[in-house]
Structures are given as C-alpha cells and as structure tokens.
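Dear colleague,

I am passing on the structure that we spoke about, and my notes follow directly below it. Please read them beside the coordinates.

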Amino acid sequence: MRGIVLICGMVLLVTCISFFGYELYVFRKSTKEKLSTIGKIIAANSTAALAFDSHEDAKEILAALRTEPNIVSAALYDQNGKLFSWYPANRDIREFPEKPGAMQFRLSHNFLEGFQPVAQDKKQLGYLYLKSDLGGMYERFRIFGVVAAFVIILSFLLAWLLSKLLQKSISNP
C-alpha cells in the first residue's frame, strides 16, 4: 500500500513540476510578446512627438502607460540616443539607461525590460524603453502552487483510500 501511494505521489510531483516549467516558459514568452506589442503601439504614436520635438506630446503619450499596472517605467530617446521624455514624470532621470541598448526585451533581475525602435517610413526617429515588473507572474505561480498542493494532497488521499479498499479484495481470496 505504501508503495502504491509513494509511486502515485512521485508521478504527481513530476507532473506538477513539468506543468510549472511549461507555465514558466509560456508566461515569459507571452509577457515578452505583450510588452513588445505595447511598445509597438507607443512607438507608433510617438513618431510625431519625436519628429516635431514636442516634449509635452511625448509625456502625454507615455502617461497612457499608467493604465498598464505592471509597467513601472518608460522613456523615449531621440535619434541621437539622448533621453527625450520619461514615465512616470516624477522618476529620477538617473534610473533610466543612459543610452538605448539592444532592440529586444529581456529578463533582468525582477523586471522585463528592453528597447523598441521608433521609426516612420523607415526613418529612425528614436527609441522607446519599457520596463515591466513580474508581479503578475509571481501571483500566477503562487496560485499554481496552491492548486498543485491541493491536487497532490487530494490524490494522495484518494490513492490511499483506493489501495485500502482494493487491498482487502485482492488479499482475501
């Protein structure tokens, strides 16, 4: 009976770890895609602000990011790589990268951050920087952990109960 319960537990544990790994991969990928899409939208809307050197328009466009709770900061850089405008406006300028980096989003520490080109008709006007926290991922994994623990405990109890019932029907004859 212990053997059956132990085997069931190991199989469930390996299954939950596999699902957790898959969830981590999918969530990271979808978060990068989501941030990239937001970046493309903001970059497309920022072309006029950079082309006409309008700091107020740039601030207004970046301020729209307040509707996305996981984005902690954003910045526009001009075509020379100089910081043009940033979000939130009260953030210290030293918290932003000095110059634009690689045009991709990557995980660093507890954030997903990266740069997006701002271009109009294939003419480079500047760069957009976005930084998002991973709070949504941690919350999702916490819920996943609770569900996995519940399933493992319930499965252990079911395996024990079934093995107890079936043990008598197999060993009695």
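Predicted model: local features only at pLDDT ≥ 70, side-chain atom pairs only at ≥ 80, totals over all residues.

In which sense do strand 1 and strand 2 pair, and over how many bridges? Strand 1 (residues 71–78) runs antiparallel to strand 2, and four bridges join the two; here helices (H or I, at least four residues) and strands (E, at least two) are DSSP runs numbered from the N terminus, and two strands count as paired if DSSP finds at least two bridges between them.

Residues are numbered from 1 along each chain as its sequence is written, and side-chain values use heavy atoms, with hydrogens and water left out.

The sheet as a whole is open and consists of five strands in the order 2-1-5-4-3, with antiparallel pairing. Strand 2 and strand 3 stand at its edges and have a single partner strand each, so one side of each is left without a neighbour in the sheet. From one strand to the next the twist averages 20°, where axes are lines fitted to C-alpha atoms (for helices over the stretch in contact) and angles run from 0 to 180 degrees between N-to-C directions. Helix 3 packs on this sheet and touches strand 1, strand 2 and strand 5, its direction making about 35° with that of strand 2; contact means heavy atoms within 4.5 Å.

Within strand 5 (residues 123–133) lies Lys131, which is buried (under 20% relative accessible area, with exposed meaning over 50% and partly exposed in between, for a 1.4 Å probe and protein chains only). Leaving aside residues up to four places away in sequence, Lys131 touches Asn70, Ile71, Val72, Ser73, Phe111, Leu112 and Glu113.

Some backbone details in the loops also deserve a look. Tyr87 and Pro88 are joined by a cis peptide bond with omega about -10°, and Pro88 belongs to the loop between strand 2 (83–87) and strand 3 (105–108). Lys122, in the loop between strand 4 (111–120) and strand 5, has a positive phi of about 65° although it is not a glycine.
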